Amino acid sequence: RQPKQQQIDIFSLDGKYLYRSSIHAPDGFYIISGPIPVMKIQDNCLYIALESEKDDDIMLVKYELSLPGD
């Protein structure tokens, strides 16, 4: 079964642990998983690949990242 959510841990550039959260796939989609994750963090955004449960369409989604209290 494909994952519907993915836990992520955020660290500072010097390796200090900052925050843990989960990304949840929208209804009807699951997070593409495999030996090479289809996920990238760039410029305070998380890009993740999702696949449709019914027709195998693939969608790239963008989430804006911010720490609680920002």
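Reply: Glu-51 stands opposite Ile-58 in β6. Glu-51 itself has its place in strand β5, residues 45-52; strands here are DSSP runs of E, at least two residues long, numbered from the N terminus. This is a predicted model, in which local features need pLDDT of at least 70 and side-chain atom pairs count only at pLDDT 80 or more, while totals for chains, interfaces and linings use all residues. Residues are numbered from 1 along each chain as its sequence is written, and side-chain values use heavy atoms, with hydrogens and water left out.

The surroundings of Glu-51 come next. Leaving aside residues up to four places away in sequence, Glu-51 touches Gly-28, Phe-29, Tyr-30, Ile-32, Asp-56, Asp-57 and Ile-58; contact means heavy atoms within 4.5 Å. Glu-51 is buried, where buried means under 20% relative accessible area, exposed over 50%, and partly exposed in between, with a 1.4 Å probe and protein chains only. Glu-51 has no salt bridge, and the nearest side chain of opposite charge, Lys-4, is 12 Å away. A salt bridge is a side-chain nitrogen of Lys or Arg within 4 Å of a carboxyl oxygen of Asp or Glu. For charge, Lys and Arg count as positive and Asp and Glu as negative, while His and the chain ends are not counted.

The strand as a whole is next. Seven of the eight residues of β5 are buried, so β5 is largely enclosed by the rest of the structure. Strands pair if DSSP finds at least two bridges between them. Strand β3 (residues 29-31) is joined to β5 by three bridges, and the two run antiparallel. In this pairing, Tyr-30 stands opposite Glu-51. Strand β4 (residues 39-42) also runs antiparallel to β5, with four bridges between them. Lys-40 has Tyr-47 as its bridge partner in β5. Two residues separate β4 from β5 in a hairpin, and Asp-43 in the turn has a positive phi of about 50°.

Strand β6 (residues 58-64) pairs with β5 over seven bridges, again in the antiparallel sense. These two strands form a hairpin with five residues between them, and in its turn Asp-56 has a positive phi of about 65°.

Now the charged pairs. A search of the whole structure finds two salt bridges. Lys-4 forms one with Glu-53, the closest N and O atoms being 3.3 Å apart. That pair links distant parts of the chain, 49 residues apart: Lys-4 lies in the segment before β1 (5-11), and Glu-53 in the loop between β5 and β6. Lys-4 is partly exposed at 30% relative accessible area, and Glu-53 is partly exposed at 48%.

Asp-9 and Arg-20 also meet in a salt bridge, at 2.7 Å from N to O. This pair links Asp-9 in strand β1 with Arg-20 in strand β2 (residues 17-24), eleven residues apart. Asp-9 is partly exposed at 31%, and Arg-20 is partly exposed at 47%.

Last, the rings. The structure holds one aromatic pair. Phe-11 and Tyr-17 form this pair edge-to-face, 5.5 Å centre to centre with 75° between the planes. Rings of Phe, Tyr and Trp (its six-membered ring) pair if their centres lie within 6.5 Å; planes under 30 degrees apart count as stacked, over 60 as edge-to-face and the rest as tilted.
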